[in-house]
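Visitor: Please put the model up. I have some questions about its fold and its confidence.

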Amino acid sequence: MASSSSISTARSSASQRWAPREVSEPPRCKCGISTSVRRSFTPENFGRRFFGCPNYTGRENPGCGFFDWLDYPAAFEANDDALVLLIVKMQRLEEKLEAEIAKSQAKDVEIDSFKEREKLLEEKLQGSNNNLKVKDEEIKRLKENGHRLREQLIKSWVLFIFVLVVGISLGMK
Ligand SMILES: [Zn+2]
């Protein structure tokens, strides 16, 4: 459990402009647990500390929504405004950059999978080309066999007719 001194004196440069409230101990949120000290990053309250529900983990998961300022509001100097805007701008740029990096990484993965698919297709094409070559050779061989068979058939017919003619001419004598 944090003591009042640790809460009010725990300062960083970002919280210098905010005057800390004297709090004996962190209030309990609607979940019934001791709240944690967090820092606001909105342009209006940049660096101002508050007690928030410890179950808060993000905008989608805000916990019970408990919220209580730890720091009093303080007047901004003109320069602070500019600084805060600059920091917020920088944060947005960082977010954009991260999103772009994530996008380009996703594209890289996409391109990789494209390349892999292309390679696979090429391999398949090569395989079917080889198959075609084998089939071509088979057809060529079959054609040659057919030629040879026809030649043999013609030869045997010629021989048969020759024998027949010789036989007939011999018989007629
Ligand atoms: Zn809560």
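Visitor: How many bridges join S2 to strand S3?

Guide: This is a predicted model: local features need pLDDT of at least 70, side-chain atom pairs count only at pLDDT 80 or more, and totals for chains, interfaces and linings use all residues. Residues are numbered from 1 along each chain as its sequence is written. S2 and S3 (residues 49–52) run antiparallel. Strands here are DSSP runs of E, at least two residues long, while helices are runs of H or I, at least four, all numbered from the N terminus. The number of bridges joining S2 to S3 is 4.

Visitor: Which residue in S3 is the bridge partner of Val-37?

Guide: Strands of a sheet pair through backbone hydrogen bonds, either parallel or antiparallel. Two strands count as paired if DSSP finds at least two bridges between them. For Val-37, the bridge partner in S3 is Phe-51.

Visitor: Which are the edge strands of the sheet?

Guide: The open sheet has 3 strands, paired antiparallel, in the order S2-S3-S4. An edge strand pairs on one side only. That gives S2 and strand S4 (67–69).

Visitor: Is Val-23 buried or partly exposed?

Guide: Val-23 sits in the loop between strand S1 (19–20) and strand S2 (36–39). A residue is buried with 20 or more other C-beta atoms within 10 Å of its own, exposed with 12 or fewer, and partly exposed in between; C-beta atoms are placed from the backbone. Val-23 has 16 such neighbours, so it is partly exposed.

Visitor: How far apart in space are Val-23 and Leu-70?

Guide: In sequence, 47 residues separate Val-23 and Leu-70. C-alpha to C-alpha, their distance in space is 7.8 Å.

Visitor: What does the chain form over residues 153–172?

Guide: The unreviewed UniProt entry annotates this stretch as "transmembrane region". Such annotations use the numbering here, have shortened feature names, and may be inferred rather than shown by experiment. The end C-alpha atoms are 28 Å apart.

Visitor: Which element has the lowest mean pLDDT?

Guide: pLDDT is the predictor's confidence in each residue, from 0 to 100. The protein averages 84, and 85% of the residues score at least 70. S3 has the highest mean among the elements, 93. The lowest, 46, belongs to helix H1 (residues 4–9).
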